[in-house]
Amino acid sequence: MIVRLVRLSLRPDALDAFHALFAASCETIRQFPGCLRLELLEDVDTPTVRTTYSLWESAEALDAYRQSAYFKSVWRQTKPLFASPAEAHSYRTLLTA
């Protein structure tokens, strides 16, 4: 499994637009083959930072989503809302306690 974390620093005036975009797209993203979970997190210390947490069956499933026309469309709408570039990281679970 792959855990994908994407940290998004948003402009203060863009928070409502980002939340609306996420709400409108989250069910479609969640229905992509291999997507097991999708969450939107708020940074406790920085109120303009959001992180998406997604869990994927495989790196191939994540890559297929990232290459999709849907992802490219949503990303084009999201990028103008950033205060600084997004930071994305993928992880494999080594141990669950």
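**Aromatic rings and a pocket**

Tutor: At 13% relative accessibility, F82 counts as buried, because buried means under 20% relative accessible area, exposed over 50% and partly exposed in between (1.4 Å probe, protein chains only). W75, at 27%, counts as partly exposed. This is a predicted model, in which local features need pLDDT of at least 70, side-chain atom pairs count only at pLDDT 80 or more, and totals for chains, interfaces and linings use all residues. Residues are numbered from 1 along each chain as its sequence is written, and side-chain values use heavy atoms, with hydrogens and water left out.

Student: How many aromatic pairs are there?

Tutor: A pair of aromatic rings is described by the distance of the centres and the angle of the planes. Rings of Phe, Tyr and Trp (its six-membered ring) pair if their centres lie within 6.5 Å; planes under 30 degrees apart count as stacked, over 60 as edge-to-face and the rest as tilted. Here the count is seven aromatic pairs. One of them joins W75 and F82 edge-to-face, at 5.5 Å centre to centre with 65° between the planes.

Student: Which residues are the closest to the centre of the largest pocket?

Tutor: A pocket is an open set of points on a 1 Å grid over the protein atoms alone, where a 1.4 Å probe fits, with protein on both sides within 12 Å along at least five of seven lines; lining residues have an atom within 4 Å of a point. The largest pocket has a volume of about 380 Å³, the volume being the space filled by probe spheres set on the points. Of its 21 lining residues, V6, T52, Y65, F71 and W75 are the closest to the centre.
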